[in-house]
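Some labels in a structure rest on a number and a cut-off.

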Amino acid sequence: ATTGITIAGQSGVGGSWSYQFSLPTAITFDQYNNMYIMDAGNNRIQRWWPGSTYGVTVAAASMSNPRGMAFNPSANPPNEICDAAYWNSTIKIVAGSTGSYSSALNRLYTPVHITFDGNGFMYVVDNGNNRIQRFPPGSTSSTSAVTVAGYTTTGGSSFSELNDPYSIFVDSEGTMYIMDTANYRIVKWLSGQPLGFTVAGGHGTGTTLDKIGTSYAIYLDDQSNIYISEYSNHRVTIWLNGNTTAGSIVAGNSTAGSALNQLRNPYGLYVDSVYDAVTGVTLCGQSGVAGSWSNQFSSPTSITLDQFGNMYIMDSGNNRIQKWTPGATFGVTVVSASMSSPKGVAFDPSGNLGVADSGNHRAILYSVICPPTTTSTTPAFRSGLASTGTVVAGYTTSGGSGSSQLNGPTAIFLDLNRTLYILDNLNYRVQKWIYGQPLGFTVAGGRGSGTTLDKISTGQGLFVDDQSSVYVSEIGNDRVTRWDNTIAGVIVAGNGTAGSALNQLRDPWGIYVDSNYTVFVVDRGNHRVQMWERGASAGMTVAGQSGVSGPWSYQFNLPTSITFDQYGYMYIMDSGNNRIQRWWPGSDFGTTVASSASLYNPRGLAIDPLGNLVLADCSNHRAVSFPGGCGAITTTTIAPLTNPPNEICDAAYWNSTIRIVAGSTGSYSTALNRLYTPTDLFFDGNGYMYVVDYGNNRIQRFPPGSTSSTSAVTVAGYTTTGGSSFSELNDPYSIFVDSEGTMYIMDTTNYRVIKWRSGEPLGFIVAGGHGTGTTLDKIGTSYAIYLDDQSNIYISEYSNHRVTIWL
C-alpha cells in the first residue's frame, strides 16, 4: 500500500470520548482481531472490534504515563496429548442419560457428533431434537445445556432451524459450522446469534457441484475452506471460503467403488494438508472387508488426529476406538466399551476422548492417563549398561539382507512416531522400521553400491526432515543425497568428487537438516562443518579450519557427528580430540562442553530429553552420557506449551483494580526489584515478563507471579549508564520476544535494533546501526518494533514519520 487508512481514533484530535484517544502508545490484537490500544493520556485500554467506529474501555486505572501493553498467555491448543497416553475404558457420562431421551435441556435424542472449543465447552449435535447443545466443562448426566443453534426441536428449513443436523466444526472464534443434512446445506452460526446463514449447498440435493447430497461430516481448514463428506454422492467436496456458489471434488469421483480414485458412502473426515491428488491411498482398514481384527473396521464413522499424527478412528460396528500410528499396518484398541451405535469422536482440551453414543442418547468421556514422570540421580559421567536392552530392529546377530535383518548398520534416526530409519551400511540401503513391527522396508537405495543416483555407497550419516525426505551422507561417493521417493536421490551437498573446494566434500559423516532444509555436513576428511542452503551449488564453512586438523578451539580432528539445540547452537563430536564442541551461530570458535581421555573412537552424538549429551563410544563398545548442568531435576510435571499469545475468552472483561507485578509506585533505582521509567513489556510462552527498563538502559525479566518485591534478571544491557557496545543499550524503548526466547530490542539512541539470544552476554545488529538519518539504510528516533512470522522486523520511526520493514 502507498497510503494508510484510519481505523481507530479521530485524526489530529485528542479526547476522552469512546471514538477518541489522547496520546496512544501501544497496540496489540487478540485471536478475534479485536484491537487493544493503550490510550496513555486517558489512562485506559480501549478495545475496538474490526470495522467499529468507537472503542470500549476494558481497563482503566490510576497510571502514570503508561506505555507498553501485552497479553499474558493462556490455554493449550486442541488435540494435544502426552506421548505415552492411554485411556480408561470406564465410561463417564458427560451429557444425557442412558436410554432416556427427550427435548429437556439435560437430555439428548440420538446425538451424532461432538466437538470441544478451546475453553473446554462441549458442543453436541442433538440430531433427534434438531439442535446444537453446548455443555460446560465438567458436565454430568444432570447438567442442563444451552441451545446455541436450532431453535425448534421439530426442525425446519428457516435460518433459525436445522433439519437432521449431523456434524459440527467450531472455529477459534466460537463460530459454528453445522452439517444441516436434510436441508442439504452447511450453516454458519456466529456465537450468540439467533440465526445462521448458508455457506455451502442450500440448493437441494443433487450431484452437480452447486449441490450436496446426503452428508454426515464436515471439516474446516485454517483458511476457513469447508470440506464436506458426501455420503450419497460418494465424494468429498471443498467449498472455498467466501464462495457459496459451488464446490469442487477433492476425493472420490462421484461413483461408488473400491478403486483408489473412488469412495463408497464416505463418513468421517479430517484434513491436515491439501494436495492435488487424483487417487487416494488406503492408510488403514482392509478395503471392502469388514471385521474385528486389528487391521480391520466394521462401519467406521469418525476420525481425528493428535499432534503426533496418530489417527483415532471410531470403529462403530466393533464398539471401539482404534489408534493407528503413521505407516502402521494395524491399529491398537485404546478404548473398548458397551456403546450403542457410537458416531462422533473428539479430544477435549485435556486429551480425554469424547464420544457421541448415539443409540444411548448420551455423550460420554474416556479419561486420558499419562504415565508419571520419573527421575534418577546420575553421576557426572555415566557409562556401561544400566539395564537390559530390547531388540527393536535386526533380529539376527550374524546379519543379513532380509527385511528382518541388518548388515553393518552405522546411523539411525527416530521420528516423533517412534519410527526408526536405519542406515543399513553394507546392504547399501536405508530401512524404515515402524515401532513394534518385525520387519523393515527400504526407503532409499537397496540396489547395491554405486555412483548413480538410484544407489548409495557406504555411509555414516542419516537425517529425516519434517517432510519425511531421507538424507544420506555417502562416504564412498563424497556426497549427500536426499531421497524424496524410493526410486532415486538428488545431490544436496558435494559433487561426488573428493576435495576441499566449497563445492566438494571429503569423507562426509554426520548430517543435520534445519527447518529451512539447509544441510549441515560434518566434512570429516577436511576437518570442518559445511553448510549447504537448499538448491546451492556450493557450501560454506561454518566451523573448523578447512583441511587443517588440530586441538585449538577453532579446529577439529576427524569430527564425526553433529546436532543442534533449540537456540541454534551446533554440537560437534570432535572425535580425534575426544571432546564435544559447542559453536554459537556465526562464531569463529567453539567451546568444549564435554571431554574425557577415556573415550576411544567416539562416533554418534545426541541430546536426550533431559538435555544430557549422549555419545556412542565406538571402540569401547559402550554408550556414555554427560549430564547437563541445568540444576536439579525434579519430579514436577512440566506444563504443556501455551497457546499462541493474545488468546482470550470470547466475552472477556477486566478488573480495573491494579496489581503491581514489577517495580514500586514512585520509587526508581538500579536495584533488581526496581524500574526506572519502563516503556514496554512482553510475555513469552512460559509467562515470563520482559520489561524495557528505559532509564536503566536494560531489559529485565520477571518470573510468572511476580510482585513489587520480586527481583528480576537482567537479560540484556549490562551497564545502567548505557552505551553503544554490543553488551550495552542506550535508551531502549520497545521489545519483541520470539518463540525461541530471542529478544529483538529497539535501541533508540543507538538507532538500531539488536537481536539478543537468551543467555548471551552480547547482542548483534539486525536493523539500522548506521546512525540517524532519512535514507533507508538508517532509522530515525523510533519507539516501537514488531516481528512477523517470517522474522521480518517492522520499525515505527517517530522522527521520520514512517514505518519501515527490514527483511
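The questions and answers that follow concern a predicted model.

Q: Why is the pair D39 and R44 called a salt bridge?
A: The closest N and O atoms of D39 and R44 are 2.7 Å apart. A salt bridge needs a side-chain nitrogen of Lys or Arg within 4 Å of a carboxyl oxygen of Asp or Glu, so the pair qualifies. In general, side chains of opposite charge can pair when their charged atoms come close. By this rule the count comes to 18 salt bridges.

Q: What makes K211 and D210 a salt bridge?
A: Their closest N and O atoms lie 3.6 Å apart. The cut-off is within 4 Å, so this pair counts too.

Q: Are K211 and D210 buried, partly exposed or exposed, and how do you know?
A: K211 has a relative accessible area of 21%, and D210 has 28%. Buried means under 20% and exposed over 50%, so both residues are classed as partly exposed.

Q: Which residue forms a salt bridge with D315, and are the two buried or exposed?
A: R320 meets D315 in a salt bridge, with 2.7 Å from N to O. Both D315 and R320 are buried, which means that each has under 20% relative accessible area. D39 and R44 are both buried as well.

Q: How do you know that β19 and β20 pair?
A: Four bridges join β19 (residues 302-305) to β20 (residues 311-315), and the two strands run antiparallel. Pairing takes at least two bridges, so these strands pair. One of the bridge partners is I313 in β20, which faces I303. The hairpin of β19 and β20 has five residues between the strands, and G309 takes a positive phi near 85 degrees there.

Q: What makes β1 and β2 a pair, and what do the faces of β1 hold?
A: β1 (residues 26-29) is joined by four bridges to β2 (residues 35-39), in the antiparallel sense. At least two bridges are needed, so the two strands pair. F29 has M35 in β2 as its bridge partner. The covered face of β1 holds A26 and T28, while I27 and F29 are on the uncovered face.

Q: Why are β54 and β56 called edge strands?
A: The strands β54, β55 and β56 form an open antiparallel sheet in that order. β54 (782-787) and β56 (802-806) each pair on one side only. Neighbouring strands of this sheet are turned by 20 degrees against each other on average, direction ignored. β55 (residues 793-797) pairs with β56 over five bridges, and I795 stands opposite T804 in β56.

Q: Why is Y786 called exposed?
A: Y786, found in strand β54, has a relative accessible area of 52%. Exposed means over 50%, so the label applies. Y786 also belongs to a nonpolar surface patch with Y794, V803, I805 and L807, with about 570 Å² of accessible area together.

Q: Why is N730 called partly exposed, and where does it lie?
A: N730 lies in the loop between β49 (713-716) and β50 (732-737). Its relative accessible area is 22%, between the limits of 20% and 50%, so N730 is partly exposed.

Q: Which residues is N730 in contact with, leaving aside its neighbours within four places in sequence?
A: N730 is in contact with N697, G723, D747, T748, T749 and N750. N485, 245 residues apart from N730 along the chain, has its C-alpha atom 54 Å from that of N730.

Definitions and conventions:
Residues numbered from 1 in each chain as written. Predicted model: local features only at pLDDT ≥ 70, side-chain atom pairs only at ≥ 80, totals over all residues. Heavy atoms only, no water. Buried < 20%, exposed > 50% of the residue type's maximum accessible area, 1.4 Å probe, protein only. Axes fitted to C-alpha atoms, helices over the stretch in contact; angles between N-to-C directions. Contact = heavy atoms within 4.5 Å. Patch = residues over 30% accessible without salt bridge, like charges linked within 9 Å, V, L, I, M, F, W, Y side chains within 5 Å. Areas by Shrake-Rupley, 256 points an atom, 1.4 Å probe, with all protein chains shown as cover.
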